[in-house]
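Hi,

Here is the structure I promised to pass on. My notes follow below it.

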Amino acid sequence: MEMKASFRISAGDFSLQAKMDIADRRNGILGASGCGKSMTLKALAGILTPDEGRIELGDRILFDSRAGINVPARERGIGYLFQNYALFPNMNTEQNIGAGLRGGKREIREKVEAIMERLRLTELSGHFPSQMSGGQQQRVALARILVRKPEVILLDEPFSALDAYMQDAMQQELMEILSEYDGITVMVSHDRDILYRFSEKLFVMGQGCFLRTGTVKEIFAEPVYKEAAILTGCKNIGRAVRRDDHTIDVVSWGITLHTSYILPSQFSYIGYRAHDFVPVYGGRRENCIRLAKYEKAELPFEVNYYVAPEREEWKREEMLSWFVQREDWPLLREKGVPDYLQFQEDKILILREGL
Amino acid sequence: MRQLIEAARTLDWRPLWISLKTGVLATAVCFVLGILAAWRVMYCRGKHRSVLDAVLTLPMVLPPTVAGFFLLLFFSRRRPLGIFLFDHFGIKIVQSQAGCVIAASVIAFPLMYRSARAAFEQVDINLLYAGRTLGMTDSEIFFKVILPCARPGITSGTVLAFARAIGEYGATSMLAGNIPGKTATISQRIAMVIQDQDYITAGVWVAVMLVIALIVLAAIGHISLRSDAGRGEQLWK
């Protein structure tokens, strides 16, 4: 099944334009905080009503402003995992899971018990939300959604309320739980690692708009937009001017790069990931930046260098990041800090400014 | 002291029953209307909300006699509403026990309304949204989730409204008058016996009011103690 959504929604000064073809199985929405990710999910779930547009799920129309259709949230068959889980604090686990179920008492009880068994919640059936850890609360919230067998599950920043250690464990757990679920899932996050791991299809959002859609690998390899590159974790973004088909002047860094491939006709930035630099000793080669002025940062499991641009005057925030790859550590230990850093031409990201 | 006990023995106790009856009925009216109004205003957005809020809070900031004056204007049997009520239902508001209840309800209403609203505002809006995505109707969500979550605030609002209603003087005296055995509440009785220089009887009634006030204070203390104990439950947010 597929879900198609195209709508405009506004709240105060903020306005959001969404256009998404949500694929079967696992989707991710990557965006900075405040870009309208949660708003998008809430509109899909029917919690917020778009100003105009259309939302379809399979052959059902959930919302159509022109036809005056707006299926209420409780009839959409869409589960929503809230950032704070939104468990009912006055109900225990069993009551929370059964809260929205219809039917005979016995029928409800059987359904609730089955799902508690599946998510290992049976021991917690009498606990109230305040008596459970964040991870346990999340499992209850998931059980409460899954027990209704929804066609779609929306996950709103599911790990942001957990500490770093719990995040890892819960990610693994969530993957496991959802692997048995064969409907559509859409996860919203600002964390590229979580979405890289989770999604098959990825949407990248700018401020109130959708910048880019594709498979995760596609988007990380070719973010196309400067904003998308930053969201995928690209540390070095430089203002660039196209000199000819094979030459880029990177104004911000005071260097010129050559490519064997033909450059696209329009772009205004280039991006380069901090771990893609190749250390060079001795004479200058093509596509290099001199490592004259730098700062070193040693972290428990990585070594980072911050390299000054080859310009007369530059600001601190314009320094380039180089995250030394593990296989280069022995080289650096033996020969010291390299003289140059080389850009690999196939790793250069050619970027446009977003909307 | 002996004089006080003697006076208490021969006292006409009717004002106590009138006050209690008025207090209980007015509290019941405030409870239902206050909660409904608070929930309604929560749903309102923009200008309407502040206008509605101001109107509903007005009786709290107006002098009770001014509120009583307006009530008298409304319900006077020389005015449309008063004529209508009397001609069709035979209901007399002015100088009747119904007048006591209405006056006390109007004056006590803002306390209930504001406490309920504050309590509802504390409840996470996501609970409402979650309920909807889980297939619950809005009234189910209200009674099963929102109301239980707002219970401490609503209970203390109810107690405050009762305390205010049972001691009401200004608006009651304007609307219901001070008819012994019919509309003379404890507060009105105290004012009247003081005018007659009967400090002994006044003293007995003051003692009764003090006892009621102590009970109310104890109730509020009990509630806030319980909601403090429950504060740990708020940490889930």
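Predicted model: local features only at pLDDT ≥ 70, side-chain atom pairs only at ≥ 80, totals over all residues.

**Notes on the model**

Residues are numbered from 1 along each chain as its sequence is written, and chains are lettered from A and ligands numbered from 1 in the order in which they are written.

Back to Gly77(A): you'll find this residue in the loop between β6 (69–70) and β7 (78–81) of chain A (strands are DSSP runs of E, at least two residues; helices are H or I, at least four; both numbered from the N terminus). Leaving aside neighbours within four places in sequence, Gly77(A) is in contact with Pro150(A) and Glu151(A) (contact: C-beta atoms, placed from the backbone, within 7 Å).

Next, a helix pair. The axes of α4 (residues 134–146) and α5 (residues 164–179) of chain A come within 11 Å and cross at roughly 20° (axes are lines fitted to C-alpha atoms over the stretch in contact, with angles from 0 to 180 degrees between N-to-C directions). That makes α4(A) roughly parallel to α5(A) (angles under 35 degrees count as such).

On confidence, the predictor gives the complex an ipTM of 0.83 and a pTM of 0.82.

Cheers

Notes:
Parallel < 35°, antiparallel > 145°, perpendicular 65-115°, else oblique. Contact = placed C-beta atoms within 7 Å.
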